[in-house]
Amino acid sequence: MSLEFTSSEMMSVTAARALTNDMTCFVGIGLPSEAANLARLTHAPDVTLIYESGTLQTKPDVLPLSIGDGELCESALTTVSVPEMFRYWLQGGHISVGFLGTAQIDRFANLNTTLIGDYREPKVRLPGGGGAPEIATNAKEVFITVKHSKRTFVKDVDFVTTVGFGRDGKARDNVPHIGRGPTVVITDLCILKPDPETKELVVTSLHPNVTREDVIEATGWDIRFADELVTTPAPTARELDVLRDLKARTNAHHSSTQSGQQ
């Protein structure tokens, strides 16, 4: 009997599988944090999770609301200063992968978390880059997880907060001392990877029950598909159980905390 799962669960499980036991991962809040902790609780128990607030080897019991969430310090092996986090750990080349989310992403994997619309008269102001620009520059590679829609997957981002491969796909060419940049983008519909030559994102795997037309309709440019397109393996019962338990604990914890503050 096949298991029932949501597209969001499919995305988190697939993103979690991208992490391996030997990685040191600089984790973004939100979907990246969910995926990274799912990996830690399933197939990669020794993955080292690092958060921007300075927490090293973090093992939260519930997902944090922000980098300032006390759960991160309480569950970490140790906490260092933010300057040490960036100068030694990140710029020193000790981070194997940065795991990021975004509000907008374009065909060259540039990320926008700054604003929507014209810079001088924006329609919406977003939270900003935080540590993402430095993570994308200095981590050895970058994983991105984000929900797939035309509002998010645009041909050209309104503002480049975090460089993927630049407006022309060549921003990282012949630039020393920086990482490879985005190597995979995981959505609730598919997996995308940059073309080795042009760096434009190409769909390499469709999630179960997702069609090419679904991806085309949710993408703001003429999306390309790999010649050998595969189907992403469905979540296992254990992956779903662990993910659902993690989210239930998180919701219960934050609900009780908010009730106690009222």
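**View 1. Cys73, a partly exposed cysteine of the predicted model.** With a relative accessibility of 43%, Cys73 counts as partly exposed, and the model in which this value was computed is a predicted one. Cys25, by contrast, counts as buried, its relative accessibility being 0%.

**View 2. The cysteine sulfurs of Cys25 and Cys73.** A disulfide is a covalent bond between the sulfur atoms of two cysteines. A search of the whole structure finds zero disulfides, and for Cys25 the closest cysteine sulfur, which belongs to Cys73, lies 18 Å away, too far for a bond. Cys73 is likewise in no disulfide, with the sulfur of Cys25 as its nearest cysteine sulfur.

**View 3. The open sheet of eight strands.** The strands follow one another in the order E2-E1-E5-E10-E11-E12-E13-E14, and their pairing is mixed. Strand E2 (48–51) and strand E14 (224–231) stand at the edges, and because each has a single partner strand, one side of each is left without a neighbour in the sheet. On average, neighbouring strands of this sheet are turned by 25 degrees against each other, direction ignored.

**View 4. The pairing of strands E11 and E12.** Strand E11, residues 182–186, runs antiparallel to strand E12, residues 190–194, and two bridges join them. Within this pair, Ile186 stands opposite Ile191 in E12.

**View 5. Helix H2 across the strands.** Helix H2, formed by residues 31–41, lies across strand E1 (24–27), E2, strand E5 (97–100) and strand E10 (142–145). Relative to E2, helix H2 runs at about 155 degrees.

Conventions
Residues are numbered from 1 along each chain as its sequence is written. This is a predicted model: local features need pLDDT of at least 70, side-chain atom pairs count only at pLDDT 80 or more; totals for chains, interfaces and linings use all residues. Side-chain values use heavy atoms; hydrogens and water are left out. Two strands pair if DSSP finds at least two bridges between them. Helices (H or I, at least four residues) and strands (E, at least two) are DSSP runs, numbered from the N terminus. Axes are lines fitted to C-alpha atoms, for helices over the stretch in contact, and angles run from 0 to 180 degrees between N-to-C directions. Contact means heavy atoms within 4.5 Å. A disulfide is a pair of cysteine sulfur atoms within 2.5 Å. Buried means under 20% relative accessible area, exposed over 50%, partly exposed in between (1.4 Å probe, protein chains only).
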